[in-house]
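Please load the model in a viewer and keep the sequence panel open.

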Amino acid sequence: MAELGSKGVTAGKIAINVQKKLTRAQEKVLQKLGKADETKDEQFEQCVQNFNKQLSEGTRLQKDLRTYLASVKAMHEASKKLTECLQEVYEPDWPGRDDTNKIAENNDLLWTDFHQKLVDQALLTMDTYLGQFPDIKSRIAKRGRKLVDYDSARHHFEALQTAKKKDETKIAKAEEELVKAQKVFEEMNVDLQEELPSLWNSRVGFYVNTFQSIAGLEENFHKEMSKLNQNLHDVLLGLDKQYSGNAFPVKAQPRKKTKLFARLRKKMSSDSTPAKANKSPSPPPDGSPITSPETKTVNHDLEPSTLEAPGASIPKSPSQPAEAAHAGAEAAGSEAAAGAEPSKTEADSGSSSLPAVVVETFPATVNGTVEGGASSERADMPPGFLFKVQAMHDYTATDSDELQLKAGDVVLVIPFENPEEQDEGWLMGVKESDWIQRKELDQCRGVFPENFTERVQ
C-alpha cells in the first residue's frame with residue numbers, strides 16, 4: 001500500500017507540473033499576441049543583463065587563465081629539457097659543472113613553485129568566483145516562471161470577476177491562488193533584487209585581486225629566474241675564458257648554384273675579348289667620322305671653329321692645314337678630344353686634308369636624371385645599386401664567382417640578373433674599393449653570404 005501511495009504521489013506531482021507548463025505556455029502565447037498584459041520590471045531586467053555580461057566575462061577569464069597555466073606548464077617542460085641538455089653536454093673536466101647542475105635543479109623548482117602558486121592564488125579563486133553563478137542563474141530562471149504564474153493567476157482572477165455569470169466559489173479560489181503566486185514571486189524577486197547588484201559590484205575587487213596576484217607572482221618568478229640566469233651566464237663566461245681559443249666560426253649557408261655564375265662569368269669574359277682587341281677601329285674608306293651610340297660627335301669645319309684645351313689652343317686661320325690642326329689637338333694633351341687623322345697617302349700627296357673631327361662624350365640625361373632611372377646622386381654607383389653592407393667577419397671564397405671579404409670591407413649590393421640564380425642567404429655585389437678603382441662589374445662582382453655582413457645604408 002505504501003508503494004502504491006508513493007506512486008500515486010509521484011504521478012500527481014507529474015500531472016501538476018505538466019499542467020503548470022501548459023498554463024505558462026498558454027500565458028506566454030497570449031502575452032506575445034498582445035491579448036494579455038505582462039508584468040515588467042526594467043530595473044531587474046538591467047540587473048539580469050549585467051549578470052549575463054559578468055558571467056560571460058568571468059567564463060572567458062577562466063578559459064584564458066587555464067590556457068595561460070597550460071603555457072606555463074609547457075614552458076616549464078621546455079626549460080627542463082633545455083637544462084637537461086646543458087647538463088648532458090657539459091663535460092666533467094669543464095669548470096662550473098656542479099654549478100650548472102645546481103642551477104638546473106633550482107630552475108625546475110622555481111617553475112614548479114610558480115605554476116602551483118598560480119593555481120592556488122588565481123585559478124582556484126576564479127573557480128570559486130564562478131561557482132556562485134549557476135545557482136543565481138537557476139533562480140533567475142525560476143523567478144521568470146513564477147512571474148508567468150503570477151500573471152496567469154491574475155488574469156484568471158480578473159476574468160472571473162468580469163464574467164457575466166459570476167461564481168463566487170471559483171472567484172474565491174482564484175483569489176487564493178493569486179495571493180499564493182504573488183507571494184512566491186515577490187519573495188524570489190526581493191532576494192534577487194538585493195543579490196544581483198551586489199554581485200555586479202563585486203567584480204571590480206575580484207578582477208583587481210586576480211590580476212594583482214598574477215602580476216606579483218610573475219614579478220617574483222622573473223626576479224628569481226633572473227638571478228639563476230645571471231649565475232649561469234657567469235659559469236659559462238668562466239668556461240669561455242678557459243677555452244677562448246676555440247671560438248665558434250661563422251659559416252655561410254650552403255649554395256645550390258655555386259658553379260652557375262662561374263660559367264656565366266667565364267662566358268662573358270671570352271665574349272668580351274674580341275671587343276677589347278677592336279676597341280679603336282680604323283676610319284672608313286670614305287673618310288666619314290667614327291660614331292657610336294655612347295658618344296656624341298661634333299664635326300667642326302676649319303673656318304670659324306675654335307678648339308681649346310688646357311695648355312694649348314688651335315688657331316682660327318682658315319688657311320691652316322689639317323696637319324697643323326691635328327698637331328695642335330695633340331699638343332692639347334689627353335684631356336682634349338682626338339681629331340680624325342687623314343690617311344698617309346693623302347698626307348704624302350699633299351691633297352686637301354679632312355676637316356677636324358672632335359668626338360665629345362656626354363652622359364645621356366633626361367631632366368637631370370641619368371638615363372636608365374638612376375638619380376644623379378647615385379650615378380657613381382653600379383647599375384641597379386640596392387644598398388651597402390659591411391663585412392663583420394672574414395670570408396674566404398670557395399669558388400671563382402664568390403667575393404673574398406675581410407672584416408670592415410664595404411660591399412655595394414646589386415640585384416641578380418636572373419633572380420632564379422639567387423640562393424637563400426646569399427647576395428650579389430661588388431666591393432666598394434674595387435668599384436671606385438675599376439668601374440667594371442663583369443670582373444669585380446660576385447656573390448657572398450649575407451650573414452657575414454651587416455647593412456649600413
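Leaving aside its neighbours within four places in sequence, with which residues is Phe-416 in contact? In this predicted model, select Phe-416 together with Glu-421, Gln-422, Trp-426, Leu-427, Met-428 and Val-447, since these are the residues that answer the question.

Phe-416 lies in the loop that runs between strand E8 (410-414) and strand E9 (426-431). Its relative accessible area is 12%, and because buried means under 20%, Phe-416 counts as buried. Next, draw the C-alpha to C-alpha distance from Phe-416 to Leu-427: the two are 8.1 Å apart in space and eleven residues apart in sequence.

Turn now to the helices. Select helix H2 (residues 42-89) and helix H3 (residues 97-131), whose axes come within 10 Å and cross at roughly 170°. The two helices are therefore roughly antiparallel to each other. Colouring the residues of the contact of H2 with H3 by class gives 17 nonpolar, twelve polar and six charged.

The next selection is the largest nonpolar core, which has 35 residues; Phe-51 and Leu-196 have the most contacts inside it. At least two residues of this core come from each of H2, H3, helix H4 (133-162) and helix H5 (168-242). Centre the view on Phe-51: beyond residues up to four places away in sequence, Phe-51 touches Phe-133, Ile-136, Lys-137, Ile-140, Leu-196 and Leu-199.

Finally, select Ala-391, Leu-405, Ile-414 and Met-428. These are among the 23 residues of another core, which lies apart from the largest one.

Terms used. Residues numbered from 1 in each chain as written. Predicted model: local features only at pLDDT ≥ 70, side-chain atom pairs only at ≥ 80, totals over all residues. Heavy atoms only, no water. Helix = DSSP H or I, 4+ residues; strand = E, 2+ residues; numbered from the N terminus. Buried < 20%, exposed > 50% of the residue type's maximum accessible area, 1.4 Å probe, protein only. Contact = heavy atoms within 4.5 Å. Axes fitted to C-alpha atoms, helices over the stretch in contact; angles between N-to-C directions. Parallel < 35°, antiparallel > 145°, perpendicular 65-115°, else oblique. Nonpolar A, V, L, I, M, F, W, Y, C, P; charged D, E, K, R; others polar. Core = buried A, V, L, I, M, F, W, Y, C linked by side-chain atoms within 4.5 Å.
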